[in-house]
Amino acid sequence: MIEPDGPVPPYLQLADILAERIASEDWQPNRPIPSEFQLVQEFGVARGTARRAVAVLRERGLVFTVPQRGTYVAKPESGPAEGN
């Protein structure tokens, strides 16, 4: 639940919620995440809040956006021990 008057800005609260969905594998790599409109509907936030939350996820490398297509879950970074 987003706390509008909490110490953490709503867009960061939402970004953390969405990041948890990615970490728990509710959302799979290379699959789209919900649209801004869907996030607004589900969480009751302003569209700008949803947009900023997705931007935070992009900055964290958790999602990527394809113009005219949507935003998708990024593949997890592989660690140095993997693939050896």
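User: What makes E36 and R51 a salt bridge in this model?

Analyst: In this predicted model, the closest N and O atoms of E36 and R51 are 3.2 Å apart, and because a salt bridge requires a side-chain nitrogen of Lys or Arg within 4 Å of a carboxyl oxygen of Asp or Glu, the pair qualifies as a salt bridge. E36 belongs to helix α2 and R51 to helix α3, so this pair ties together parts that are 15 residues apart in sequence. Salt bridges with shared partners also join E36, R47 and R51 into one network.

User: Why is R51 called partly exposed?

Analyst: The relative accessibility of R51 is 40%, and since buried means under 20% and exposed means over 50%, R51 counts as partly exposed.

User: Why is α1 described as roughly perpendicular to α2?

Analyst: The axes of helix α1 (residues 10-23) and helix α2 (residues 36-43) cross at roughly 105° and come within 13 Å; because angles of 65 to 115 degrees count as roughly perpendicular, α1 is described as roughly perpendicular to α2. In the contact, L14, I17, L18 and R21 of α1 meet L39, E42 and F43 of α2, and the contact residues divide into five nonpolar, no polar and two charged.

User: How do you know that R21 forms a salt bridge with E42?

Analyst: The closest N and O atoms of R21 and E42 are 2.5 Å apart, and because the cut-off is 4 Å, the pair counts as a salt bridge. The two residues link distant parts of the chain, with R21 in helix α1 and E42 in helix α2, 21 residues apart.

Notes
Residues numbered from 1 in each chain as written. Predicted model: local features only at pLDDT ≥ 70, side-chain atom pairs only at ≥ 80, totals over all residues. Heavy atoms only, no water. Axes fitted to C-alpha atoms, helices over the stretch in contact; angles between N-to-C directions. Helix = DSSP H or I, 4+ residues; strand = E, 2+ residues; numbered from the N terminus. Parallel < 35°, antiparallel > 145°, perpendicular 65-115°, else oblique. Contact = heavy atoms within 4.5 Å. Nonpolar A, V, L, I, M, F, W, Y, C, P; charged D, E, K, R; others polar. Buried < 20%, exposed > 50% of the residue type's maximum accessible area, 1.4 Å probe, protein only.
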